[in-house]
Amino acid sequence: MPVIEYKCPNCGSGMIFDSVSGALSCPSCGRQDNIEQLPDPLKKQVFTEGEVKEYHCNSCGADIVTEPETSATTCSFCGAAVVLSDRLTGNLAPAMVIPFSINKDQAKQAFKKWCRNGLLTPGGFMTADRIQSVTGIYVPFWLYDLHNRIEVHAQGTKVRTYTQGDYHYTETQHFDIYRKIRLEYVNLPIDASEKMNDELMDKLEPFPYNELKLFKTPYLAGYIAEKYSYTEDELFPRAKDKTRSYIDSYIASTVSGYTSVSYTNKNIDTTLKNADYVLLPVWMVNYDYNHKQYTFAMNGQTGKVVGKPPISKAKVAGWFTGVAAVSLLSLKLVSWMMGGGFL
């Protein structure tokens with residue numbers, strides 16, 4: 001069965017990817033192997049879609065049951081790190097991967113620090129002692145290279161006021177505006193997992209794309225990995241929508257200096273130049289507070305944490321009270337300096 005497991009040549013223990021050293025590491029004897037120098041077993045195997053129905057752990061022989069989207073996991077019985085190779089070949093083979101640089105302990109400490117920075121979160125939440133699970137997941141993304149051809153027609157005005165003698169004048173000039181623009185977007189990320197929250201994944205950006213490496217299965221050892229749920233063509237409309245606000249901002253920057261601008265026609269033609277299937281590192285943190293479950297995500301390279309923590313109503317009320325008090329004091333001070341009174 002196409003289950004890949006990395007055994008230590010020294011002691012026979014299961015090896016995992018070490019985010020600190022960037023090597024395939026044995027937690028038992030400490031052996032470390034350079035992943036770039038290891039042969040990738042996927043290059044020697046060809047599988048037909050739907051051929052494999054069952055997976056068996058090479059260490060203990062137990063059946064491995066996973067969701068259809070999972071391509072790397074751990075054995076529930078012996079804890080061995082396994083890669084389900086038939087879910088990573090053919091069209092399902094990632095082109096590149098950004099490995100984890102933050103390990104599980106570092107992720108926990110970074111999350112606790114992030115919780116303590118919550119000025120409006122309840123005090124009990126800030127202790128960060130209710131972590132239910134911290135799971136390292138390689139999330140499937142499509143990285144898009146997009147070419148945009150843009151033509152803009154608009155009407156602009158420039159208004160000038162001046163005084164001459166006893167008269168005040170307002171002069172308004174009208175302009176026809178035309179812009180022809182070419183914009184290239186490179187490495188635009190769109191997460192391709194149906195299970196992942198799109199808003200959370202978007203907020204995790206940016207990922208350090210200079211850390212992209214050609215995909216090799218040892219990077220997945222010890223982590224969970226998902227295969228994509230949507231193709232690059234299915235997510236292309238979302239990629240175009242994601243760039244729209246950036247395009248609008250760029251167009252606005254080309255027509256600065258006018259008092260007002262009214263667009264009469266804005267034509268944006270976006271074409272797909274390239275899309276690479278990549279795996280990006282994400283720590284998912286499940287947190288229990290006040291009998292409710294909260295889910296947070298952490299960029300596995302930068303440590304950036306995103307999510308919606310609970311808000312303390314008492315702290316919010318105190319914050320508004322403080323702002324109101326400061327505003328009232330400021331008004332009294334200004335009134336006193338101007339020689340007036342304020343009731």
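**Exercise 1.** Determine what share of the contacts with a separation of 6 or more joins residues 24 or more positions apart.

*Solution.* A contact requires heavy atoms within 4.5 Å. Among contacts in the protein with a separation of 6 or more, 73% are between residues 24 or more positions apart. The model is predicted: local features need pLDDT of at least 70, side-chain atom pairs count only at pLDDT 80 or more, and totals for chains, interfaces and linings use all residues. Residues are numbered from 1 along each chain as its sequence is written, and side-chain values use heavy atoms, leaving out hydrogens and water.

**Exercise 2.** State whether Ser25 is buried or exposed, and name its contacts.

*Solution.* Next, buried means under 20% relative accessible area, and exposed over 50%, with a 1.4 Å probe and protein chains only. Ser25 counts as buried because its relative accessibility is 11%. Finally, leaving aside neighbours within four places in sequence, Ser25 contacts Met15, Ile16, Asp18, Arg31 and Gln32.

**Exercise 3.** Identify which residues touch the most other members of the largest nonpolar core, and which element gives the most to this core.

*Solution.* A nonpolar core is a set of buried Ala, Val, Leu, Ile, Met, Phe, Trp, Tyr and Cys residues joined through side-chain atoms within 4.5 Å. The largest has 53 residues, of which Phe111, Tyr138, Trp142, Tyr144, Ile150 and Trp283 touch the most other members. Strand β12 gives the most to this core, with 8 residues. A second, separate core of 18 residues includes Ile98, Val278, Leu280 and Met284.

Notes
Helices (H or I, at least four residues) and strands (E, at least two) are DSSP runs, numbered from the N terminus.
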